[in-house]
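Here's a quick tour for anyone meeting this structure for the first time. Have a look at the picture, then read on.

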Amino acid sequence: MNNYAKRIALVEDYLEKLALKKEIFEYYRGRSILVTGGAGAIGSNLMIALSMLVGKSGKVVVIDNLSAIKVKDPWNVTPLPNIMFVLGDVRSDIDMKRVFKENPSIIFHLAAFFANQNSIDYPETSADVDILGQIRLLEYARLAKVDRFVYASSGCAIYGSFAEMPLKEGFISMHLTTPYQINKMTGEMYCNFYHHHYELPIVNCRFFNSYGPGEAPGQYRNVIPNFIYWAMQGRSLPITGSGKETRDFTFVFDLVHGLVRAGYYQEAVGENFNLASGTETRIRDLASMVNDATGNRVPISFVERRKWDTKPRLLASIEKAVRLVDYEPLVEFWEGFRINIEWFKDNWDKIQTVADFTPGMSSAVRSADSICSVKGKAKVRTVASANVLHSPITSSTVTSGSNSITQ
Ligand SMILES: NC(=O)c1ccc[n+]([C@@H]2O[C@H](COP(=O)([O-])OP(=O)(O)OC[C@H]3O[C@@H](n4cnc5c(N)ncnc54)[C@H](O)[C@@H]3O)[C@@H](O)[C@H]2O)c1
């Protein structure tokens, strides 16, 4: 069985275990669904589940600019006949017209400039993608009168550092420590605005630390893929802090499960809720598990805690998701971890190609470098950017899209 077939089989198996009710299958069957950021860690699994739900008569349109990996290779996009991949940017009018030509009736908005440290190094791009890109998409969504707009929000962006555990949806913090967190919270607020003002049926899903097949390691990626990557290379796992910190690691299929339900249940509309495992794992225990599973004998090391990382614990309450959309995480940590390790080993060659560990450029370095004085005059270096967000959007823009986009 090749790696794509294995991944499909895993998702199929998971969906079977879910035993979704008949009405959910009927609801999704034959639809056109748009997944932004679909080539990413979570979207690449969501697209497989949706492909199964919409069936032969439906389609899943995936748009992604592949900015999260080192090479422009849609390796994470499973080649299924009803999945259409568009290499494009949510900030681009041309690309938006292209995907809206497919008449999506449900949108899962997962594209983001991921994540905390990245947003510190590149704050403007973070806001450009996560705020302006989202507004662009929301505009298209309301003009297209979609049935549902599901937003990938983040638990770390809403609850700040001083909330009581388990984290409940009613608590909101203004003490956020990175541009990513600020932008993701702003994303929720824009969803709420479009719901209130235009009655766009939005749902804000607050994810907690995802892990599982589909997430390549990288400079700005999560701890689990990075630990596995380093351990497989026989390197010491660096713990930023004491190691007693905990995270609510959520297997990616469980997030997909929550998203599928968020796209269906009427009770979810206009709401926000956590999607998590509802359990805690200590980072130190995680490091030991990774070293054991990979046979890495190099001792763990401790490095200074990152200034923005002010959360000693993360544990979500999942009560609201259970109540509103009948959500239930199915995969226990040891099991998801085993699947994750196996996926890493199966895809090791590819992972080494796409893993992006180029050193992050701090904004201080960048500003000194990009605006330099030549003989007393300021020389401004052009920064490559996506399409400029200036053209007004009208209803006709949505239907008269251009076709000139790479796929
Ligand atoms: N992974 C987590 O633990 C976690 C936790 C909380 C919230 N989230 C949110 O869930 C969503 C998905 O997360 P993920 O882990 O799959 O991230 P990811 O980085 O793997 O996937 C996001 C995808 O968006 C794409 N992208 C970035 N900018 C884009 C643009 N301008 N236009 C089109 N595509 C663009 C990237 O290439 C990437 O493939 C994100 O919105 C993230 O903020 C993730």
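The points below go from the whole chain to some of its details.

This is a predicted model, in which local features need pLDDT of at least 70 and side-chain atom pairs count only at pLDDT 80 or more, while totals for chains, interfaces and linings use all residues. Residues are numbered from 1 along each chain as its sequence is written.

**The whole chain**

- The protein chain comes to 16 helices and 15 strands; these are DSSP runs numbered from the N terminus, with helices being H or I of at least four residues and strands being E of at least two.
- Take the contacts between residues at least 6 apart in sequence: 83% of them join residues at least 24 apart. A contact here puts two C-beta atoms, placed from the backbone, within 7 Å.

**The core**

- The largest nonpolar core has 107 residues, and Val35, Val62, Cys205 and Phe227 have the most contacts inside it. Such a core is a set of buried Ala, Val, Leu, Ile, Met, Phe, Trp, Tyr and Cys residues joined through C-beta atoms within 7 Å.
- Leaving aside residues up to four places away in sequence, Val62 touches a list of residues that includes Val35, Met47, Val77 and Phe85.

**Helices α9 and α11**

- Ten of the ten residues of α9 are buried, so this helix is largely enclosed by the rest of the structure. Phe227 and Trp230 are among them.
- The cover over the buried residues of α9 includes β7 (210-211), α11 and α13.
- Helix α11 (residues 283-294) has twelve residues and should span 16 Å at 1.5 Å a residue; its end C-alpha atoms are 17 Å apart, which agrees. The expected span is 1.5 Å times one less than the number of residues.
- In α11, the buried residues are Leu286, Ala287, Met289 and Val290. They line one face of the helix, because they fall within an arc of 160° seen down its axis (the arc is that of the directions from the helix axis to the C-beta atoms).
- Covering those buried residues of α11 are elements including α9 (223-232) and α13 (333-346).

**Around the ligand**

- The ligand is surrounded by 30 residues, the closest being Gly37, Gly40, Ala112, Ala152 and Ser154. To be near it, a residue needs its C-beta atom, placed from the backbone, within 6 Å.
- β2 (59-64), α6 (123-143) and β5 (148-154) are the elements that give two or more residues to this shell.

**Met96**

- Met96 sits in helix α4 (residues 93-100) and is buried, with 29 other C-beta atoms within 10 Å.
- Met96 and Arg136 are 40 residues apart in sequence, yet 8.4 Å apart in space, C-alpha to C-alpha.

- A cis peptide bond, with omega about -10°, joins Phe114 and Ala115; another cis bond runs from Met165 to Pro166 with omega near -10°.
- Ala19 isn't a glycine, but has a positive phi of about 50°. With 6 C-beta neighbours inside 10 Å, Ala19 counts as exposed.

Technical notes: Buried ≥ 20, exposed ≤ 12 C-beta atoms within 10 Å, placed from the backbone.
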